[in-house]
Amino acid sequence: MPARCRSEVAMNTGAQEILLEVDNLSVGFDLYDGSAPFFRAKRRRTEVLHAMSISVYTGEVVAMVGASGGGKTVLADCILGRFAGNEEVTGKIRYRGKPCSAEDLSKLRGNGISYVPQGVGFLDPLMRAADQVRGLARGATREQRAQDADRRIVRQRELFESYGLDREVERLYPHQLSGGMARRVLLMCALMDAPQLLVADEPTPGLDLVLAIHALDDIRTFANEGGGVLLITHDIELALAVADRVAIVRDGTVVEVAPVASFERPELLAHPYTRALWHALPENGFTACDEADMAAEGPQNDAAKEVSHGA
Ligand SMILES: Nc1ncnc2c1ncn2[C@@H]1O[C@H](COP(=O)(O)OP(=O)(O)OP(=O)(O)O)[C@@H](O)[C@H]1O
Ligand code: NI
């Protein structure tokens, strides 16, 4: 992992505006008990997000770190207005201060908020790489759409060049792309429409180190130029390399949001789970977490649980 991407690119110093506020979001899914015969199957509600709160300002990268199954992708789906239909959702999501319904959020997708999905299965298997990145041309008239299509070709070629993808790759279908190429195509799809907020769900697995650094630099540069990024990752080292703040997710809730600087001194970290993650970093001795101790201990410093941005 890169030592500190943040030092390589000057930080944005402009006034920050709030882009995204997730406020006390809870999500429960209705599931049917598969062990019972169909006509007796009972519906059971399982809550996977519990009063989750997180904010992202312009100019910052907020990393969301936590174990598998913690609810990070469910949160991303909610922000993108992608609901399965079998869930109950409470709480609020605001974009630029405005409370958004599921419909508002799905309209913002590609029009302000872009997504880098976790799986390469999001690519259309029947569409060539260049067309996936270009997306649909927009415009009220045929002439406007033709102009937009030309602009998209130029932008797609810039992105391909910057990500080291040859012209031959333009014509490949997803099954012909390597894992690393497919991930780059996903990232380029998200950057195509000049979003304000990027929600990136594990954008680097499958990339070699050089490309992972490139992807992180790109995410950092995007924020420095005034965008905001919610970067979902398992990898705390990656989070510390690129983010301004790190939100620690555990069992469907954010247990702590800490500025990256707090990870230099574990006593600045409020929650035992965050400190356990810190101790598990190779440079800090690689000590395994003791789940029982963490369950017994609560956060030690409630005031540090949610820190203000840029703190
Ligand atoms: N449509 C759904 N119906 C029922 N349960 C779901 C649904 N989508 C997700 N879940 C459950 O919600 C929980 C959180 O899943 P999620 O994919 O958000 O975790 P994650 O933190 O993104 O994990 P990973 O790091 O492995 O990607 C899991 O227990 C998952 O099984
Ligand atoms: Ni996930």
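Predicted model: local features only at pLDDT ≥ 70, side-chain atom pairs only at ≥ 80, totals over all residues.

Q: How do I read burial for the chain, and what share of its residues count as buried?

A: Burial is judged by counting neighbours: a residue is buried if 20 or more other C-beta atoms lie within 10 Å of its own. Here 39% of the 311 residues count as buried. Among contacts with a separation of 6 or more, 69% join residues 24 or more positions apart.

Q: Which domains does the assignment give?

A: Domain 1 is made of 15-29 + 47-112 + 195-267, and domain 2 is 124-193. Taken over C-alpha atoms, the centres of domain 1 and domain 2 are 25 Å apart. Ten residues from domain 1 and eight residues from domain 2 take part in the contact. On the side of domain 1 that touches domain 2, helix α7 (residues 209-224) supplies the largest share, three residues. That side of domain 1 has six nonpolar, three polar and one charged residues.

Q: What should I look for in a nonpolar core, and where does the largest one lie?

A: The largest nonpolar core has 83 residues, and Val62 and Leu231 have the most contacts inside it. Helix α6 (residues 179-192) gives the most to this core, nine residues. Because both domain 1 and domain 2 give residues to this core, it lies between them.

Q: Is α6 mostly covered or mostly open, and what covers its buried residues?

A: α6 is mostly covered, since eleven of its 14 residues are buried. Among them are Met181, Val185, Leu186 and Cys189, along with Arg183 and Arg184. The cover over the buried residues of α6 includes β6 (113-116), α4 (129-134), α5 (142-162), β7 and α7.

Q: Which residue with a positive phi follows α6?

A: That is alanine 194. Alanine 194 has a phi of about 45° although it is not a glycine, and it is found in the loop between α6 and β7 (197-201). Alanine 194 is exposed, because it has 10 other C-beta atoms within 10 Å, and the cut-off for exposed is 12 or fewer.

Q: What is the phi of arginine 96, and where is this residue found?

A: Arginine 96 has a positive phi of about 50° and is not a glycine. The loop between β4 (87-95) and β5 (98-99) holds arginine 96. With 15 other C-beta atoms within 10 Å, arginine 96 is partly exposed.

Q: Is leucine 238 buried or exposed?

A: Leucine 238 is buried, because it has 23 other C-beta atoms within 10 Å. Leucine 238 is found in helix α8 (residues 236-242).

Q: Where is glutamate 47, and what does it touch?

A: Glutamate 47 is in strand β2 (residues 43-57). Not counting residues up to four places away in sequence, glutamate 47 touches Ser26, Gly28 and Gly252. The C-alpha atoms of glutamate 47 and valine 27 are separated by 5.7 Å, although the two residues are 20 residues apart along the chain.

Q: Which residues come nearest to ligand 1?

A: Of the 13 residues around ligand 1, Phe29, Val48, Ser68, Lys72 and Thr73 come nearest. Two or more residues of this shell come from each of β1 (18-32) and α2 (72-79), and α2 gives the most, with three residues. By class, the shell around ligand 1 has five nonpolar, seven polar and one charged residues.

How values were computed. Residues numbered from 1 in each chain as written. Chains lettered and ligands numbered in written order. Near = placed C-beta within 6 Å. Helix = DSSP H or I, 4+ residues; strand = E, 2+ residues; numbered from the N terminus. Nonpolar A, V, L, I, M, F, W, Y, C, P; charged D, E, K, R; others polar. Domains from an automatic or database assignment. Contact = placed C-beta atoms within 7 Å. Core = buried A, V, L, I, M, F, W, Y, C linked by C-beta atoms within 7 Å.
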